[in-house]
Amino acid sequence: MIGQSVSELEKEFGEPERIDESLYGYQWYIYNQDYKHYMQVGVENNQVVTIFALGDSLDIAPFEIGQPVEEIFNTQYIDTNINIELNGNSYRFELNDTDLNLRPIVQLGNVYAQLYIDKFTGTLSSVRFLNAETLVKLRPYELVYSGDLIEPPPPTNKEWKLFEQGSEQEILDITNVFRIKNNLKPLTWDEPTSKVAYEHSKDMAESHDFSHTSKRFGNLTDRLSKAKITYQAAGENIAANYTDGPAAVEGWLNSKAHRDAMLNKEFTDLGVGVYKKYYTQNFIEKSEQ
């Protein structure tokens, strides 16, 4: 689908459930009607430029969601450097050991496949397909370049807000995909809890203090109590400086404490708050009425 038009996309997959904004010049067409086929398709200038594929029933040959990592490394050429020539400019991405183990990249003709590896199961969790220009814009690895750096224009305040709102919904969707894969009930969006999560992300960004405990607003219990949210159990995941919502969730998935929160069978509801590139998930188990 990379390089195809929106009409080709919609002919193949139908209309998306919604369209979210990104910071990178494309819009995400969200296909979440069926979590087994969950995907996000990035469209720029009426053309597909990137796809985030997560549903385990999607056809993403030559890969397969859930494929053992050994099989991928045995069948694909994975390099520590990716070199791209584009419009007279040269770009070289340099992958470190963590990149190679958790999110290596494979070139397939003129398309690049960034592979997200679940280190706890040793399998392929999701794939992000990109064209060269979008890969340079996202800069997911250390980059050395000569010539002009392709950069999206700085977002306006309105564009930031739309990115934040879209990322929040994507994080809910992707979390639920993982829960269903693990035979757990999906979480319900909880608006009051999401406001608490948003305020914490904003506080971390403004105070430059990446922590579960705010110097101004206290810990999660303090913040939920102040918002008069009743619950039986609660948990929190935080992240900063990830490219977008999908990247943040994949990061949480590879950290035991964060993964345990996402896959806790007791939790019933989720509030997500994104401010700039700070991400907070607040999980609650609703109190019995």
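**Fold, burial and backbone of a predicted model**

The secondary structure of the protein chain comes to nine helices and 14 strands, where helices (H or I, at least four residues) and strands (E, at least two) are DSSP runs numbered from the N terminus. This is a predicted model, in which local features need pLDDT of at least 70, side-chain atom pairs count only at pLDDT 80 or more, and totals for chains, interfaces and linings use all residues. Residues are numbered from 1 along each chain as its sequence is written, and side-chain values use heavy atoms, with hydrogens and water left out.

User: What percentage of the residues in the protein chain is buried?

Analyst: A residue is buried under 20% relative accessible area, exposed over 50% and partly exposed in between, with a 1.4 Å probe and protein chains only. Of the 289 residues in the protein chain, the buried share is 52%.

User: Where does Asn-87 lie, and is Asn-87 buried or exposed?

Analyst: Asn-87 has a positive phi of about 50 degrees although it is not a glycine. Its place is the loop between strand S5 (81–86) and strand S6 (89–94). Because its relative accessibility is 70%, Asn-87 counts as exposed.

User: Which residues does a cis peptide bond join?

Analyst: Most peptide bonds are trans. The loop between strand S4 (47–53) and helix H2 (69–75) contains Pro-62. With omega at about 15 degrees, the cis peptide bond joins Ala-61 and Pro-62.
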